[in-house]
Amino acid sequence: MGVTAHDQASQQRQAGDTVSILVTGGSGTLGSDVVPALRARGLSPLVMSRRPGGTATRVADLNTGVGLAPALDGVDTVVHLAAGKHQEREAASLVSAARASGVSHLVFISIVGIEEIPFPYYRAKLAAERVITASGLGVTVFRTVQFHSFAAGLFDAQGRLPVLFAPRLKIQPVDTRVVADELATLALGEPRGRVRDLGGPQILTGHQLARLYVDAGSAPRRIVDFRLAGKVWSGYRAGHHLVPATRSGGRTFAEYLAER
Ligand SMILES: NC(=O)c1ccc[n+]([C@@H]2O[C@H](COP(=O)([O-])OP(=O)(O)OC[C@H]3O[C@@H](n4cnc5c(N)ncnc54)[C@H](OP(=O)(O)O)[C@@H]3O)[C@@H](O)[C@H]2O)c1
């Protein structure tokens, strides 16, 4: 029986040799923490983007597939963070190119609660996750809750409104540095399938998050709580996006706001 790409990468890991890692979405919010986390482990990760320049060392588009084959040339492990408008198609083109180039491990970041909350972005994430899980490649799937940057974005998006609208929901935002560190560890290990979901250090109401946001220096504003109707909202209200049992370390939302 021949030696597979997975066997080769496994032998490399056991021998302590460097494996070649490519990060899709390496230019994004999470990617900007994952790339340094891999470098801190002595690796020189390749950073994939659709655009040359900046941090990109491999240029490819997962939606069209253009540039993917050369981008994956010589790569053992892919950390797939990129998410465009067509996540399922992007996952399918990545899987097909990864199979062709002998990638041995595909690590995928996913989101807690995507089965239960019928938000279109989550449906797309679930479809992409299923493509990856069924790929036949060695895979590791890691689901987390919302990032601090996402929670802050809910308020940033309100710009100069005279009041600050806060959802009547609980949110458990997590520090992308912690997520990145875990992804780097997973990327260096063997494929593990679905691993334990990760939540942030605190579960706070939308109102509490808004209060921290105002206290961190935005213009003083009255906080107005709101609720919406529908299955997406009910899914959040039921807490399907939370992981109360698994709380990470790392920065709290207040610490994140103070630092950014
Ligand atoms: N935000 C959250 O709260 C949260 C929570 C859990 C999981 N996640 C997941 O974590 C991942 C990273 O999130 P993020 O907030 O860091 O995202 P982000 O900042 O929006 O970055 C998205 C990345 O995807 C790349 N990308 C988009 N379309 C692409 C395409 N067609 N081909 C190649 N690359 C493409 C972009 O690269 P270029 O623009 O440079 O080409 C960019 O680097 C996503 O999969 C997201 O669903 C997010």
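Select F119, Y122 and Y236 to begin: these three residues form one aromatic cluster. Rings of Phe, Tyr and Trp (its six-membered ring) pair if their centres lie within 6.5 Å; planes under 30 degrees apart count as stacked, over 60 as edge-to-face and the rest as tilted. You are looking at a predicted model, where local features need pLDDT of at least 70, side-chain atom pairs need 80 or more, and totals for chains use all residues. Residues are numbered from 1 along each chain, and side-chain values use heavy atoms, without hydrogens or water.

Is each one buried or exposed? F119 is partly exposed, with a relative accessible area of 32%, while Y122 is buried at 4% (buried means under 20%, exposed over 50%, partly exposed in between, with a 1.4 Å probe and protein chains only).

Next, select F155 and Y213. The ring centres are 5.3 Å apart and the planes meet at 45°, so this pair is tilted. F155 sits in helix α6 (residues 148-156) and Y213 in helix α8 (residues 206-215), so the pair links parts of the chain 58 residues apart. F155 is buried, with a relative accessible area of 1%, and Y213 is buried too, at 9%.

Finally, zoom out to the whole protein. Colour by secondary structure to find ten helices and eleven strands, which are DSSP runs (helices H or I, at least four residues; strands E, at least two) numbered from the N terminus. Buried residues make up 48% of the 260 residues.
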